[in-house]
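Let's walk through this structure together, one question at a time. Have the sequence and the 3D view open as you read.

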Amino acid sequence: MTQASLSVSQSGAGGLAGFWRAIKGQPIKTFAICVTGLMLSAMDQALYSYAMPGITREFNVSLDVVGAILSVSFLVASVAVIVAGTFTDYIGRRRMFITLTALSALCVGIHALVDSIEWLALFRILGFALAAGAFPITATIIVEVAPARYRGILSGWLQMSYPLGFALAAFVASRALADYDWRVSFYPAFAVIPIVIWLGSMLKETDRFQATAGPVAQLAGSRSLKQHFAELVSPKYRGRGLIAFFGTFSANLSIGGASFFLPTFLAQDRGLSEADAAGLLAYSWVIASIGYLASSYIGEFITTRRNTVIGAQW
């Protein structure tokens with residue numbers, strides 16, 4: 001029997017019953033907190049895509065301008081992810097989860113109050129960079145808290161937070177745009193701040209961080225930043241890191257444009273109202289979340305994770 005088939009047979013032996021028994025207690029509580037926090041953060045960031053037609057009208061700018069703001073946001077976020085991940089290893093996962101998610105929500109809420117495209121661009125870039133930094137934190141928390149046997153499926157299900165967040169944003173935007181204007185759609189982001197603080201108050205710092213990377217020892221210089229990054233690019237992690245990077249890059253390249261520009265396309269090119277475009281996309285994101293559920297289940301209990309990932313790209 002090959003290693004792959006052995007892995008599949010062992011997965012099937014435990015089944016869902018073994019899975020639920022293993023994650024009861026702290027793992028499932030932590031998972032629920034992380035999914036909810038990441039979902040709310042994704043909702044905040046997705047609101048921009050539904051507001052783009054209104055933004056272009058009010059500030060009398062072209063779609064190229066709001067698209068450029070989006071592009072710069074992604075570029076800055078690509079650096080912010082590295083910075084956030086580094087600080088997370090030094091000061092803890094829980095603190096960074098609360099800080100980044102709450103500050104990101106604040107920046108998004110301020111979108112509703114700006115009086116120029118320049119201020120909107122600034123808070124869009126800041127808010128997106130902070131939100132991007134929250135992703136590796138929640139993913140790290142799940143990996144460190146989940147039972148080793150089921151890290152894969154919980155990490156996969158964590159990704160549901162994105163389509164669910166986009167669906168929630170579409171619902172919020174469809175209601176706001178139908179009765180008010182694009183600014184009103186950003187106000188719910190302010191409500192995310194106390195929710196995230198409350199969620200963070202229930203989140204326990206991971207045992208792994210407390211045992212191996214205490215903040216006092218780290219800040220005292222027992223392990224320099226150079227040593228920290230040297231380990232990441234060491235032969236032990238280099239190959240898998242590059243594969244993971246280019247795989248994620250390729251997937252995001254294919255869906256990024258559609259995710260953020262599709263509402264504007266439906267409104268400006270297909271003649272839908274902004275509210276109707278948002279409402280239509282809400283259903284598509286709910287369907288997408290089902291795909292995350294299904295692919296993670298298949299990768300854990302039916303086939304190998306590697307084959308599931310390759311098949312999903314096709």
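A167 is buried, with a relative accessible area of 8%. Keep in mind that this is a predicted model.

Q: Is A167 buried or exposed, and what is its relative accessible area?
A: A residue counts as buried when its relative accessible area is under 20%. A167 falls under that cut-off, so it is buried, and its relative accessible area is 8%.

Q: Which residues is A167 in contact with, leaving aside its neighbours within four places in sequence?
A: A167 is found in helix α7. Leaving aside neighbours within four places, the contacts of A167 are A282, W285 and V286.

Q: How far apart are the end C-alpha atoms of helix α7?
A: Helix α7 covers residues 161–179, which makes 19 residues. At 1.5 Å a residue it should span 27 Å, and the model agrees with this, because its end C-alpha atoms are 27 Å apart. Buried residues of α7 include F166, A170, V172 and L177. The distance asked for is 27 Å.

Q: How many of the 33 residues of α2 are buried?
A: Helix α2 runs over residues 26–58 and reaches 48 Å from its first C-alpha to its last, close to the 48 Å expected. The helix is mostly covered. The number of buried residues in α2 is 26.

Q: At which residue does α2 bend, and which proline follows within four residues?
A: The bend in α2 is about 55°. It is found at A51, and the proline that follows within four residues is P53.

Q: Where is N60, and is it buried or exposed?
A: N60 follows α2, and its place is in the loop between α2 and α3. Its phi is near 55°, a positive value in a residue other than glycine. A residue is exposed when its relative accessible area is over 50%. N60 has 70% relative accessibility, so it counts as exposed.

Q: Which element gives the most to the largest nonpolar core?
A: This core has 48 residues, and those with the most contacts inside it include Y48, I117, W182 and F186. Among the elements that give two or more residues to it are α2, α3, α7 and α13. With nine residues, the element that gives the most is α2.

Q: Which residues does Y48 touch, not counting residues up to four places away in sequence?
A: Y48 is one of the residues with the most contacts inside the largest nonpolar core. Not counting residues up to four places away, it touches I55, V66, I69, L70, R124 and F186.

Q: How many disulfides does the rule give?
A: A disulfide needs a pair of cysteine sulfur atoms within 2.5 Å. C34 counts as buried because its relative accessibility is 0%, and C107 is also buried, at 9%. The count of disulfides comes to zero.

Q: How many helices and strands does the protein chain have?
A: From the N terminus on, the elements run α-α-α-α-α-α-α-α-α-α-α-α-α-α. Residues 24 or more positions apart account for 83% of the contacts with a separation of 6 or more. The protein chain has 14 helices and zero strands.

Conventions. Residues numbered from 1 in each chain as written. Predicted model: local features only at pLDDT ≥ 70, side-chain atom pairs only at ≥ 80, totals over all residues. Heavy atoms only, no water. Expected span 1.5 Å × (residues − 1). Buried < 20%, exposed > 50% of the residue type's maximum accessible area, 1.4 Å probe, protein only. Bend = angle between axes of the 7 residues up to and from the residue. Contact = heavy atoms within 4.5 Å. Core = buried A, V, L, I, M, F, W, Y, C linked by side-chain atoms within 4.5 Å.
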